[in-house]
Every structure is written in structure tokens, then in C-alpha cells.
Amino acid sequence: MADQQRWFKFWYSALSDDHLQALPVGLRWAWVVFGAYTKIHGTGGVIEVTATNRALEAYMGIAEGALLETIKTFPHMSFEEGKNRHGEIRVTWHNWVKYQRDSTQAE
């Protein structure tokens, strides 16, 4: 089941992350959007994405048909090609739980 939380934590340490800063400015925004999308539709930092997700491409501000290639440029993720013929990839965000945990409540 998807996490379906209402927020995606964007840590200020991203501002000094060499790998993230190496992306062109527009792709940095796309990375943030993909994080929020993962928070809504993924589970524990893992999400399967199809190449035909035009809505996600529009949210990210990228060209039609460029979704999977764009996602594969993002740092701090690993990728597994789909085992079916629908052109999916499984994306796993590194350290998702560490960075996305809800620390607003006392543990």
C-alpha cells in the first residue's frame, strides 16, 4: 500500500549535495516532484513507474517520452528494469526511511 502522506521532506542538506547539484536546475525540480510523487504512490521509498505516465512528466516539466531516461539520471536511487513488457522500472530511493520519517511526533 502506498505511503499516501501529505508531505515530502526536502532537507536543506540537498543544497550542498554534490550529486543533486550536478543536475541541471530543471531536473532538480523534477527530482523534488518525483519525491513527492513517490510519497503519494510509493511504499517505503519504492515505486514502479511506467514510461507512459504523461501526468508525471507534466508535473516534472519534462518532455513527453523522457520519463524513464530522466528518472535514471537522478542521484540517490537504484533502478530495476521491469520484468514485464510494459516498460516499467522499479525505483528505490536510498535512505528513504531516514529522510522521510515523520519526526514531528514524540517517539
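This is a predicted model: local features need pLDDT of at least 70, side-chain atom pairs count only at pLDDT 80 or more; totals for chains, interfaces and linings use all residues.
As for the interior, 34% of the 107 residues count as buried.

Searching the whole structure turns up four aromatic pairs. One of them brings W31 and W93 together in a tilted arrangement, at 5.3 Å centre to centre and with 50° between the planes. This pair ties together distant parts of the chain, since W31 belongs to helix 2 (residues 25-41) and W93 to strand 3 (residues 88-93), 62 residues apart. Both tryptophans sit under the 20% cut-off for burial: W31 has a relative accessible area of 9% and is therefore buried, and W93, at 7%, is buried as well.

F34 and F74 make another tilted pair, with 6.1 Å centre to centre and 45° between the planes. Here again distant parts of the chain are linked: F34 lies in helix 2, while F74 lies in the loop between helix 4 (67-71) and strand 2 (77-81), 40 residues apart. F34 and F74 are both buried. Why "tilted" for these two pairs? Planes under 30 degrees apart would count as stacked and over 60 as edge-to-face, so the 50° of W31 and W93 and the 45° of F34 and F74 fall into the remaining class. Stepping back from individual pairs, ring pairs join W31, F34, F74, W93 and W96 into a cluster.

Then there are the charged side chains. Side chains of opposite charge can pair when their charged atoms come close. How many salt bridges does a search of the whole structure find? The search comes back with four. In one of these, the side chains of E48 and R90 meet at 2.5 Å, N to O. That bridge spans distant parts of the chain, from E48 in strand 1 (residues 46-50) to R90 in strand 3, 42 residues apart. Neither end is buried: E48 is partly exposed, with a relative accessible area of 43%, and R90 is partly exposed at 36%.

A salt bridge also joins the side chains of R54 and E64, this time at 3.6 Å, N to O. R54 is in helix 3 (residues 54-60) and E64 is in the loop between helix 3 and helix 4, 10 residues apart. The two ends fall into separate accessibility classes, with R54 partly exposed at 36% relative accessibility and E64 exposed at 64%.

K72 and E81 form a further salt bridge, in which the closest N and O atoms are 2.7 Å apart. K72 counts as partly exposed, its relative accessibility being 38%. E81 is likewise partly exposed, with a relative accessible area of 47%. Finally, salt bridges with shared partners connect R54, E57 and E64 into one network.

Note on methods. Residues are numbered from 1 along each chain as its sequence is written. Side-chain values use heavy atoms; hydrogens and water are left out. Rings of Phe, Tyr and Trp (its six-membered ring) pair if their centres lie within 6.5 Å; planes under 30 degrees apart count as stacked, over 60 as edge-to-face and the rest as tilted. Helices (H or I, at least four residues) and strands (E, at least two) are DSSP runs, numbered from the N terminus. Buried means under 20% relative accessible area, exposed over 50%, partly exposed in between (1.4 Å probe, protein chains only).
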